[in-house]
Amino acid sequence: MVERRKTRQVRIGGVKIGGGAPVALQTMTAGRTHEVDNCIAEIQKLARAGADLIRVAVPEKRDTEALPHILAASPVPIIADVHFHYQRALEAVAAGVHKIRLNPGNIQDRRQVDRVIAACKERGIPIRVGVNEGSVVERKDREARVAEKAALDKDYRAGLVRLMLARLDEYLRIFDENDFHDVVISAKSIDPRIVIDACTAISRRYDYPLHLGVTHAGPPETGRIRSIAALATLLAGGIGDTIRISYAADPLYEVEDGKELLCCLGLRSRTEPELIACPTCGRIQVDLLKLVTEVRQRLTAEIRLPMKVAVMGCVVNGPGECEGADVAIFAGNGKGIIYVQGEQKQTVPEAQMLAALLEECRALAARVERGQARLLGASVDIRPPNPPPRRNDTLPLPALS
Ligand code: SF4
């Protein structure tokens, strides 16, 4: 990972964005904001899952009227998502919301944008300025619209990035003229390549913090790859101060995947178990996939520590591939050998592998909690057989005790 890009810092309630602060993870509620109890329950669920910031849509007055109740009950800062109606932004600011997401291109009149900026300035509330793929083509001036569309027809990707930057320059001039700099920028598209190009170009031109996301990415099954392709590329290049993964699904998936992405890139400390599992191959001699699924479910439910657990199909490549695991099981020939921080603990028949592995995980967690052990403190230290066994060979496991 390269060094993270230096940006200005803005504060969203108690969460800092940019200026060296940890990359903040955000999501958006899927339910209606004015259904206060449901909205609060959803916010609490997403915050428990790891969201640092949560955005709510406020299309109607009854949504902004619900904000005081929601803000009072929310464990994390709340962002109001405003489109078209500048009054909703003013009402959200008056309610004490922590940030506004506003697309100046969606607001009819420049004076209305100025009023929102003035209200945010007075209360120290940041504004995210978005230039999304769907909203950058000129809407009001017919001639300009035709010209922009023609340019896009020639080279859509490059043309769109140019258009996003031009629109952003235009919007940011409004903020500059109001001497308002509590700004976060986003440039979203459904195409990860456009997101990468646009955010890279923006990061060279402005030092405002960047909110990363791929918009309308679809369900997790397909949206996951689309989103991670863009976000991982940018984050690994030091670009991005807050992220939102957008799925057509329960936003809980957005938080889970966003958290995993940040942990994988070393941008967030893990607080829950990490599972390493072999992909399986023709050497497999136990039902490993079933075991992996069960281990994952039980670890998530039972262990509240960032314990690294490895479930390997054999000892051929297993030891190297699960280097550093706290607890590891190497299966083969209907048996499994369990190691805990490098020490061989048990050899059990296949039917007992899940129970025995969990027993060792629980025992290690208890020792860690008592201060008698620390996690990730030792590596699995066994040597693979040499030469490796051929298919159908019996793996050199010790006899069952
Ligand atoms: Fe195959 Fe063994 Fe590697 Fe699993 S650990 S993929 S069973 S060689």
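User: Why is D52 called partly exposed?

Analyst: D52 has a relative accessibility of 22%. Buried means under 20% relative accessible area and exposed over 50%, with partly exposed in between (1.4 Å probe, protein chains only); D52 therefore counts as partly exposed. The structure is a predicted model, in which local features need pLDDT of at least 70, side-chain atom pairs count only at pLDDT 80 or more, and totals for chains, interfaces and linings use all residues. Residues are numbered from 1 along each chain as its sequence is written, and side-chain values use heavy atoms, with hydrogens and water left out.

User: What makes the link between the side chains of D52 and R268 a polar contact?

Analyst: The side chains of D52 and R268 are joined at 3.2 Å. A polar contact is a pair of N or O atoms within 3.5 Å; within protein, one must be able to donate a hydrogen and the other to accept it, and residues adjacent in sequence count only if both atoms are side-chain atoms. The D52–R268 pair, at 3.2 Å, is such a contact.

User: Which residues is D52 in contact with, leaving aside its neighbours within four places in sequence?

Analyst: Contact means heavy atoms within 4.5 Å. On that basis D52 touches V15, V23, A24, L25, V76, P77 and R268.

User: How do you know that helix 8 bends, and where?

Analyst: The bend at a residue is the angle between axes fitted to the seven residues ending there and the seven starting there. For helix 8 (residues 220–236), this angle is about 25° at I228. Helices are DSSP runs (H or I, at least four residues), numbered from the N terminus. Just after helix 8, G238 takes a positive phi of about 85°.

Key. Helix = DSSP H or I, 4+ residues; strand = E, 2+ residues; numbered from the N terminus.
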